[in-house]
Amino acid sequence: MRFIVATFMFIASLLPVGALADDAQGIITKIDEDNSTITLDDGKVYKLPGEFDLSVIEQGMKVTLMFDVVNKERFITDIEETTE
């Protein structure tokens, strides 16, 4: 039984992770309401969560994002204005 569990754990450790969490900081340079995305000054595009209130963000705003990467797309899980 231990061998089966150890083998399973070894194989599971070799499989790629489905989503990777990360964070980013920058200035919003573009807001695409049609696609629910924002672009930061690093040129990367981030997908906003569904039902996001776009009135709370604006171009030129400095933000810190928490996001997950799934299939090379960045999905925002949290967004905060940065005052620094």
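Select Asn71 to start: in the hairpin of S4 and S5, which has two residues between the strands, Asn71 takes a positive phi near 50°. Strands here, like helices, are DSSP runs numbered from the N terminus (helices are H or I with at least four residues, strands E with at least two).

Before moving on, a word about what is on your screen. This is a predicted model, where local features need pLDDT of at least 70 and side-chain atom pairs count only at pLDDT 80 or more, while totals for chains, interfaces and linings use all residues. Residues are numbered from 1 along each chain as its sequence is written, and side-chain values use heavy atoms, with hydrogens and water left out.

**Stop 1**

Now colour residues 62–70, strand S4, and residues 73–81, strand S5. They pair in the antiparallel sense over eight bridges; two strands pair if DSSP finds at least two bridges between them. Click on Val70 and look across to S5, where its bridge partner is Glu73.

**Stop 2: the whole chain**

Zoom out and follow the chain from its start. There is one helix along with five strands, and the order along the sequence is α-β-β-β-β-β. The chain has 84 residues, of which 21% count as buried. Buried means under 20% relative accessible area, exposed means over 50%, and partly exposed is in between (1.4 Å probe, protein chains only).

**Stop 3: Gly26**

Select Gly26, in strand S1 (residues 20–32). Is Gly26 buried or exposed? Its relative accessibility is 5%, so Gly26 counts as buried. Contact means heavy atoms within 4.5 Å. Leaving aside neighbours within four places in sequence, Gly26 is in contact with Leu40, Asp41, Met61, Lys62 and Val63.

**Stop 4: Thr37**

Move to strand S2 (residues 37–40) and pick Thr37. With 13% relative accessibility, Thr37 counts as buried. Beyond its neighbours within four places in sequence, Thr37 has contacts that include Lys30, Ile31 and Tyr46.

**Stop 5: the rings**

Show the side chains of Tyr46 and Phe67, both of which are buried. Rings of Phe, Tyr and Trp (its six-membered ring) pair if their centres lie within 6.5 Å; planes under 30 degrees apart count as stacked, over 60 as edge-to-face and the rest as tilted. How many aromatic pairs does this rule give? The count is one aromatic pair. The ring centres of Tyr46 and Phe67 are 5.1 Å apart and the planes are at 70°, so the pair is edge-to-face. This pair links distant parts of the chain, with Tyr46 in strand S3 (residues 45–47) and Phe67 in strand S4, 21 residues apart.

The charged end of Arg74 sits over the ring of Tyr46, 5.6 Å from its centre. Sitting over a ring requires NZ of Lys or CZ of Arg within 6 Å of the ring centre and within 35 degrees of the ring normal.

**Stop 6: Thr82**

Finish in the segment after S5, where you will find Thr82. Thr82 has 13% relative accessibility and so counts as buried. Its side chain makes a polar contact with the side chain of Thr64 (2.7 Å). A polar contact is a pair of N or O atoms within 3.5 Å; within protein, one must be able to donate a hydrogen and the other to accept it, and residues adjacent in sequence count only if both atoms are side-chain atoms.
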